[in-house]
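Dear colleague,

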Amino acid sequence: MLPTLHDHLLIGYEVDCLNRTITLHTQQPHWESAPNGQTIKFQGVLGYHFKNDAFSNIIMSIETPKVEDFIQCYASEMSAAFKEAGALDNWALSKEAAAIALIDANMIAVVITSTMGLSGWVLAAHVHLAEKDEPHK
């Protein structure tokens with residue numbers, strides 16, 4: 001289960017296309033007394049869409065909806081990504097095909113909402129908090 005990261009600052013993210021990984025680095029807001037933030041790693045990334053990066057991003061939540069619910073919300077966006085850029089695959093053209101492809105591949109859908117700045121989603125095989133000794137670059 002991922003932490004909510006409510007009000008965390010998204011201080012950076014890395015997309016490694018070759019290894020199909022995405023890493024998010026967050027920092028807790030200044031009024032929190034707990035140590036720094038979190039690093040979330042997505043591995044086996046099938047697709048993602050980030051928008052409105054403001055270089056000063058404040059996370060509202062990071063959630064993992066059921067794949068079926070994710071498809072209902074983002075089917076048109078996934079279809080447009082395939083038509084416009086060849087992103088994802090042709091399964092993105094229909095809700096039914098997307099459901100089969102994502103469920104058969106055991107994909108995890110993660111939706112990022114923001115108070116300000118970057119929001120979007122990631123489809124990945126694995127999602128986990130990075131070990132504390134993994135440094136932020």
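Below is what was found in it.

The model is predicted, and for that reason local features need a pLDDT of at least 70 and side-chain atom pairs count only at pLDDT 80 or more, while totals for chains, interfaces and linings use all residues. Residues are numbered from 1 along each chain as its sequence is written, and side-chain values use heavy atoms, with hydrogens and water left out.

The chain has two helices and six strands, which follow one another from the N terminus as β-β-β-β-α-α-β-β; helices (H or I, at least four residues) and strands (E, at least two) are DSSP runs, numbered from the N terminus. Of its 137 residues, 35% count as buried, where buried means under 20% relative accessible area, exposed over 50%, and partly exposed in between (1.4 Å probe, protein chains only).

Among contacts (heavy atoms within 4.5 Å) between residues at least 6 apart in sequence, 62% join residues at least 24 apart.

Val15 belongs to strand β1, residues 9-16, and is partly exposed, with a relative accessible area of 32%.

As for the cysteines, Cys17 is exposed at 62% relative accessible area, and Cys73 is likewise exposed, at 59%. The structure holds zero disulfides, a disulfide being counted here as a pair of cysteine sulfur atoms within 2.5 Å.

With kind regards
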